[in-house]
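I opened this notebook to record what I looked up in one structure. The entries are in the order in which I made them.

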Amino acid sequence: MLAATAAYAEKIHVVTTLTDLADFARNVAASMWMCSAWRPASRTTHGVPMKPSFVPRLNRADLIVLVGFDCEHAFLPALLEASKNPRIQKGKPGYVDCSEGILPLEVPKSTDHSEGDVHPYGNPHYMLDPVLAKTAVKHIAAALIATAPQYEADFTRNRDAYLATLDAKIAGWQKDATVLKGAKFISYHGHWHYFAERFGMDYIGTIELKPGIDPTPRHIEELVAEMKAGHASIVVREPQFPEKVPALIARQTGATLVKLPIMPGGVPKTDTYIEMMDYIIQTLVGAQHK
């Protein structure tokens, strides 16, 4: 029991706010870590159900790894304050903001509540661009090395091996996605701007009227008309949103309705980041061929 306790104490305790961040940390740290990812993958990325168990996890954490761009604004500041853990407060070495160095899309001109649940620092869904996701891997590796420099060689080797695997997958995804270039699509929420820019798709709108605001009948009519006029071929529904309206729009436009995860675990057989991206690319390519 003492040996087990000592081994537990030697682990680097990492808490992540998304399952893709947990997967990256797992690949870089390997057996050197203890980790928990809060969010069930089918939930929205803008909120976590608050549980008393979160605070003890943060009390023990050496690192808190987050998406950034204010994605976690609804829950993380209060949890960090409750934890009283000086290692992981904002501005401290254990606070790992993976958005640093990424140029945000959709930085709003106004953050007025009438515009919906906007992010003042820009769209936080950059992880759906696998090239930008490599930035998160590098931030996590750097934080692990700073926390446990005695394992620097291991972390560096694991980081480089994972990035090489990811680079090879990115080349394959870009080749497979050639048929998606110029394809017009909509989604329920604005998750897909970075993905569309990376793979050359034309992202023409969202089913939501504004972020976090349900569509009105008039908005749906206008969206259907725009899709018909532009020959949009795909409607994306993220797992946390109901199917009724996306299915209606797909029927009215003749587009193909697909359900796509926004993080690992969002649909079956997408437990890792690479499995999730494989699923997204294969599903969209299959929809485009219909």
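The entries below go from the whole chain to single pairs of side chains.

**Entry 1. Basis**

I worked on a predicted model, in which local features need pLDDT of at least 70 and side-chain atom pairs count only at pLDDT 80 or more, while totals for chains, interfaces and linings use all residues. I number residues from 1 along each chain as its sequence is written, and side-chain values use heavy atoms, with hydrogens and water left out.

**Entry 2. Whole chain**

I looked up the secondary structure and found 10 helices and eight strands. These are DSSP runs numbered from the N terminus, helices being H or I of at least four residues and strands being E of at least two.

I then looked up burial, where buried means under 20% relative accessible area, exposed over 50%, and partly exposed in between, with a 1.4 Å probe and protein chains only. Of the 290 residues in the chain, 51% are buried.

The accessible surface amounts to about 13500 Å², and carbon and sulfur atoms hold 55% of that area. The areas come from the Shrake-Rupley method with a 1.4 Å probe; for residues, only the protein chains shown count as cover.

For contacts (heavy atoms within 4.5 Å), I noted the sequence range. Among contacts with a separation of 6 or more, 63% join residues 24 or more positions apart.

**Entry 3. Nonpolar cores**

I took a nonpolar core as a set of buried Ala, Val, Leu, Ile, Met, Phe, Trp, Tyr and Cys residues joined through side-chain atoms within 4.5 Å. Which residues have the most contacts inside the largest core? They are Leu21, Phe24, Trp192, Phe195 and Leu284, in a core of 63 residues. The elements that give two or more residues to this core include strand 1 (12–16), helix 2 (19–29), helix 7 (193–199) and helix 10. Apart from this core lies another, of 15 residues, with Ile220, Leu223, Val235 and Ile249 among them.

I also listed what Trp192 touches, setting aside residues up to four places away in sequence. The list includes Leu128, Phe185, Tyr203, Val236, Leu260, Ile262 and Ile280, and also Ser187 and Glu238.

**Entry 4. Aromatic pairs**

Rings of Phe, Tyr and Trp (its six-membered ring) pair if their centres lie within 6.5 Å; planes under 30 degrees apart count as stacked, over 60 as edge-to-face and the rest as tilted. By this rule I count nine aromatic pairs.

The ring centres of Phe69 and Tyr126 are 5.8 Å apart with planes at 85°, so this pair is edge-to-face. Phe69 sits in the loop between strand 3 and helix 4 (76–83), and Tyr126, 57 residues apart from it, in the loop between strand 4 (95–97) and helix 5. Phe69 is buried at 10% relative accessible area, and Tyr126 is buried at 0%.

Tyr188 and Phe241 form a stacked pair, with 4.4 Å centre to centre and 10° between the planes. The two are 53 residues apart: Tyr188 is in the loop between strand 5 (184–187) and helix 7, Phe241 in the loop between strand 7 and helix 9 (244–253). Tyr188 is buried at 6%, as is Phe241 at 15%.

**Entry 5. Salt bridges**

How many salt bridges does the structure hold? I find nine, a salt bridge being a side-chain nitrogen of Lys or Arg within 4 Å of a carboxyl oxygen of Asp or Glu.

Asp167 bridges to Lys134, with the closest N and O atoms 2.7 Å apart. This pair links helix 6 (residues 152–176), which holds Asp167, to helix 5 (residues 130–147), which holds Lys134, across 33 residues. Asp167 is partly exposed at 36%, whereas Lys134 is buried at 18%.

Asp278 and Lys169 meet at 3.1 Å, N to O. Here Asp278 in helix 10 (residues 273–289) and Lys169 in helix 6 are 109 residues apart. Asp278 is buried at 19%, and Lys169 is partly exposed at 27%.

Asp160 and Arg159 form a salt bridge at 2.9 Å, N to O. Asp160 is partly exposed at 39%, and Arg159 is partly exposed at 23%.

**Entry 6. Gln174**

Leaving aside neighbours within four places in sequence, Gln174 contacts Arg198 and Phe199. From Gln174 to Gly200 the C-alpha to C-alpha distance is 9.6 Å, at 26 residues apart in sequence.
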